Amino acid sequence: MTATLPTPATDTATSAAPVDIDHYIAGHIDARAAATRADVYNPATGQITGRVAMATTDDVEVAVVAAATAFPAWSATPAHIRARILFRFRDLVERDSDRLAAIITAEHGKVHSDAKGEVTRGLEVVEFACGIPQQLKGEFSENVGRAVDGVTFRQPLGVVAGISPFNFPAMVPMWMFPVALACGNTFVMKPSEKDPTLSVELARLLTEAGLPDGVFNVVHGDKVAVDALLTHDDVEAISFVGSTPIAEYIHTTASAQGKRVQALGGAKNHMVIMPDADLDQAVSALMGAAYGSAGERCMAISVAVPVGEDTANALRERLVIALATLKVGPGTDPEVEMGPLVTGVHRDKVASYIDIGVEEGAELVVDGRQSTPKDVGEGFFIGGTLFDHVTPSMRIYLEEIFGPVLSIVRAESFGDALQLVNDHEFGNGTAIFTADGNTARTYLAQVKAGMVGINVPIPVPMAFHSFGGWKRSLFGDHHIHGPEGVRFYTRNKTATTRWPNDTQVRTDFSMPTHE
C-alpha cells in the first residue's frame with residue numbers, strides 16, 4: 001500500500017524521502033512497475049514529497065477492463081444496497097476527515113480549515129447520492145390504451161470516467177463518482193498528477209466500505225491517460241472540471257467518439273458592489289472569495305465591479321487595509337489565512353500576469369510578490385494582489401489567472417456593470433452586493449451566468465442542486481451533481497406493455513394512437 005504523504009515540513013534536512021503513489025485498480029494498489037513517474041511537491045516548502053505513476057494506454061486499458069468486468073453485477077445490485085455502501089463510505093470519510101484534509105494541505109497547499117471544508121462539501125454530494133432510490137424512481141401510467149400500460153425508468157450507462165483538477169482533489173472527484181456509482185455505473189478516476197494521493201485514499205475507503213472490486217478505479221497521468229479514456233470504446237461518458245481550453249478539447253474529442261460529456265471550464269467571476277451595499281460586508285466577502293485557497297478556485301471572485309466613483313474609492317481603501325493584515329504562510333499554521341500556490345510553474349505564471357497588468361496600464365495597488373512570507377524555504381508563495389483601473393480590454397481582465405489577483409473595474413451605473421458581466425466570454429458565477437431587492441431581482445433575471453449570489457460571494461449550490469456555468473464555462477448539456485448529475489449518469493427508457501386476455505390477433509398497419 002502507498003503510504004500517506006507526510007505533513008509539510010519546513011526543515012529540509014529531516015524531511016522524509018518521496019513516496020511512490022500508484023494506480024488503484026480492481027480493489028488494490030497496482031504494484032506493477034511504472035514506466036515513468038512525475039514529482040509531487042509540498043507547495044509550502046518546494047520539496048518533492050512523492051513520485052506519482054504516469055499511466056500508459058495499457059494501464060488505462062487494465063482499469064477500464066476492471067470496471068467493465070464489474071459493471072454487470074454492480075448495475076444489477078438494487079439501488080438501496082448501493083446506497084448502503086455509500087452510507088458506510090460517508091461515515092469513513094467523516095471519520096478520516098482530518099487525515100484527508102492534511103493530505104490536501106500537504107499536496108495542494110491550502111490551509112487546513114479550507115481543506116477540511118472541501119472534504120465536507122464533497123460529503124454533501126455523497127449524502128445526496130445515498131438517497132438514490134428516491135432519485136431513480138420511475139413513472140407509471142396505467143391504461144394509456146385499452147389494457148396498455150406505460151412505464152418510464154432510468155438505467156446506468158456502463159463504464160464512466162472522471163478527470164479532475166488540482167484545486168479540489170477531494171471535492172471535485174466526490175462531485176462525480178458518488179452519483180455515478182449510486183446510479184449503477186462503474187468508474188475510472190483520473191485525478192490531477194499535481195495532488196494525486198487523495199483519490200487513492202478515497203478508493204481505499206470505498207473498498208473498506210464494501211464496494212466490490214473494480215467498481216471504482218484510479219489511474220494517474222497526463223494527456224496520455226486522458227486521451228486513452230476519451231477514445232476508449234468501453235467508456236460511455238466523461239466528466240471533467242478544469243480550464244476552458246482543455247474542457248473544449250475534451251468535449252470535442254469525446255463527443256466525436258459518441259460519448260456523453262459534461263466538461264466544466266474556466267471562469268472570470270464578477271462581484272458587483274452597489275452604492276447602497278454594506279461595504280464592510282462586501283470587503284469581508286471579497287477577501288475570502290478572491291484570496292481564499294490562493295485564488296485557485298473556479299468560483300473565486302477575480303473582478304470587483306463597484307458602481308460609482310465614491311463606491312470604488314471606498315472599496316479600494318478598505319481592501320488595501322484588509323490586505324495589509326492578510327496572513328500568508330504554510331497551510332499547516334492555524335493562524336495562516338492563505339497558503340501557497342500549487343507548483344512553482346503556476347506561481348511563475350501568476351507572477352507573469354502581474355507584470356502584464358502593469359505593462360497594460362492597470363494600477364498595481366498591492367503587489368503580492370512583495371509580501372510573500374519569510375523563512376519558508378522554496379515554497380511557492382505569492383501574496384494577495386490588487387489592481388485598480390482595470391479595463392475590459394486588458395488580459396488580466398479577459399483571462400483566467402487562477403491566483404490571488406483581484407482586479408477593480410469601475411462602472412458608472414448598474415446597467416454598465418450588468419453589461420460588463422454579460423459581455424465576458426465566461427459565465428460561471430457572479431455576485432451582487434446591494435440592499436435593494438429590485439436591483440438584486442433585476443440582476444438575477446438578466447445576468448448571463450449559471451450561478452448567482454445575492455450578498456453571497458461564492459454561490460456554490462448545495463449538493464441537491466446542480467453546479468455549472470454558462471457560455472464558455474460549460475461544454476455539454478448537463479451540470480454536475482444534484483438532479484442533473486443523475487440524468488447525466490443514466491439513460492431514460494420507456495416501455496409500453498400489453499398483456500392480451502384472449503388469443504385473437506388482428507394486424508393493424510396504421511400509426512398507433514392508443515385510442
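Predicted model: local features only at pLDDT ≥ 70, side-chain atom pairs only at ≥ 80, totals over all residues.
Visitor: Before we start, how are residues numbered, and what pLDDT do local features need?

Guide: Numbering runs from 1 along each chain as its sequence is written, and side-chain values use heavy atoms, leaving out hydrogens and water. Totals for chains, interfaces and linings use all residues, while side-chain atom pairs count only at pLDDT 80 or more and local features need pLDDT of at least 70.

Visitor: Happy with that! Is Glu61 buried, exposed or partly exposed?

Guide: Glu61 sits in helix H1, residues 57–76; helices here are DSSP runs of H or I with at least four residues, strands are runs of E with at least two, and both are numbered from the N terminus. Buried means under 20% relative accessible area, exposed over 50%, and partly exposed in between, using a 1.4 Å probe and protein chains only. Because its relative accessibility is 35%, Glu61 counts as partly exposed.

Visitor: Asp59 is in helix H1 too. Which residue has its backbone nitrogen 2.9 Å from a polar atom of the Asp59 side chain?

Guide: Asp59 has 11% relative accessibility, so it counts as buried. A polar atom of its side chain lies 2.9 Å from a backbone nitrogen, and that nitrogen belongs to Thr56.

Visitor: Which side chain makes a polar contact with the side chain of Glu107?

Guide: Glu107 is found in helix H3, residues 97–107. A polar contact is a pair of N or O atoms within 3.5 Å; within protein, one must be able to donate a hydrogen and the other to accept it, and residues adjacent in sequence count only if both atoms are side-chain atoms. For Glu107, the partner at 2.5 Å is the side chain of Thr197.

Visitor: What is the phi of Asn143, and is this residue buried or exposed?

Guide: Most residues other than glycine have a negative phi. Asn143, in strand E6 (residues 139–145), is exposed because its relative accessible area is 52%. Although not a glycine, Asn143 has a positive phi of about 55 degrees.

Visitor: And Ser293, what is its relative accessibility?

Guide: Ser293 is in the loop between helix H10 (279–291) and strand E14 (301–306). Ser293 is not a glycine, yet has a positive phi of about 55 degrees. Ser293 counts as buried because its relative accessibility is 7%.

Visitor: Last one: how many Å separate the C-alpha atoms of Asn185 and Leu420?

Guide: Asn185 is in the loop between helix H6 (171–182) and strand E9 (186–190), and counts as buried because its relative accessibility is 0%. Asn185 and Leu420 are 235 residues apart along the chain, and their C-alpha atoms are separated by 42 Å.
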